Amino acid sequence: RYTALDGGLTGGTARLSLRYAKRYGNSTATLVVNGGTPQNIPLARQIPDNSWQVSGWLWHTVEVTLAPGANNVIELRRGTADWRLNAILLANA
């Protein structure tokens, strides 16, 4: 759960990029922005399957809607399988 994220003066659309590692097949995670409707996001399996090592990190990018100001909350839930989140990047105008 990430809190106090800044949506700028007017809020609006932003790009959320997740860097993660996922072993043993594809699965999904759940993304919730500001308590809204949960959204399933696909997580691809890293190939080769190299036990969470840096060379296996993958990126997935989605568009999210942020409210104005620094009161946005992004929550990521495990979903259907084990995966490791390494970083998030939130970019908005």
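A4 lies in strand β1 (residues 2-5), where strands are DSSP runs of E of at least two residues, helices are runs of H or I of at least four, and both are numbered from the N terminus. Phi of A4 is near 60°, a positive value in a residue other than glycine. A4 is exposed, with a relative accessible area of 53%; exposed stands for over 50% relative accessible area, buried for under 20% and partly exposed for values in between, with a 1.4 Å probe and protein chains only.

The model is predicted, with local features requiring pLDDT of at least 70 and side-chain atom pairs pLDDT 80 or more, while totals for chains, interfaces and linings use all residues. Residues are numbered from 1 along each chain as its sequence is written, and side-chain values use heavy atoms, with hydrogens and water left out.

**Overall layout**

The protein chain has zero helices and seven strands. Of its 93 residues, 35% count as buried. The C-alpha trace spans about 45 × 25 × 15 Å along its principal axes. Contacts are counted where heavy atoms come within 4.5 Å; among those between residues at least 6 apart in sequence, 76% join residues at least 24 apart. The accessible surface comes to about 5,500 Å², and carbon and sulfur atoms hold 50% of that surface.

**Core and aromatic pair**

A nonpolar core is a set of buried Ala, Val, Leu, Ile, Met, Phe, Trp, Tyr and Cys residues joined through side-chain atoms within 4.5 Å. The largest one has 16 residues, and those with the most contacts inside it are L16, L31, V33, I41, V62, V64 and I74. At least two residues of this core come from each of β2, β3, β4 (39-43), β5 (58-66) and β6 (72-77). Strand β2 gives the most, with four residues. Leaving aside neighbours within four places in sequence, the contacts of L31 include L16, I41, V62, V64 and I74.

Rings of Phe, Tyr and Trp (its six-membered ring) pair if their centres lie within 6.5 Å; planes under 30 degrees apart count as stacked, over 60 as edge-to-face and the rest as tilted. The count by this rule is one aromatic pair. The ring centres of Y20 and W83 are 6.1 Å apart and the planes stand at 85°, so the pair is edge-to-face. Y20 belongs to strand β2 and W83 to strand β7 (residues 83-92), so the pair ties together parts 63 residues apart in sequence. Both Y20 and W83 are buried.

**Polar contacts and loops**

A polar contact is a pair of N or O atoms within 3.5 Å; within protein, one must be able to donate a hydrogen and the other to accept it, and residues adjacent in sequence count only if both atoms are side-chain atoms.

| Polar contact | Distance |
|---|---|
| side chain of S17 and side chain of T61 | 2.7 Å |
| side chain of N26 and backbone nitrogen of R45 | 2.9 Å |

S17 is in strand β2 and counts as buried at 11% relative accessibility. N26, in the loop between β2 (12-22) and β3 (27-33), is exposed, with a relative accessible area of 63%. Apart from neighbours within four places in sequence, N26 is in contact with L43, A44 and R45.

N34 is found in the loop between β3 and β4. Although not a glycine, N34 has a positive phi of about 55°. N34 is partly exposed, with a relative accessible area of 34%.

Technical notes. Areas by Shrake-Rupley, 256 points an atom, 1.4 Å probe, with all protein chains shown as cover.
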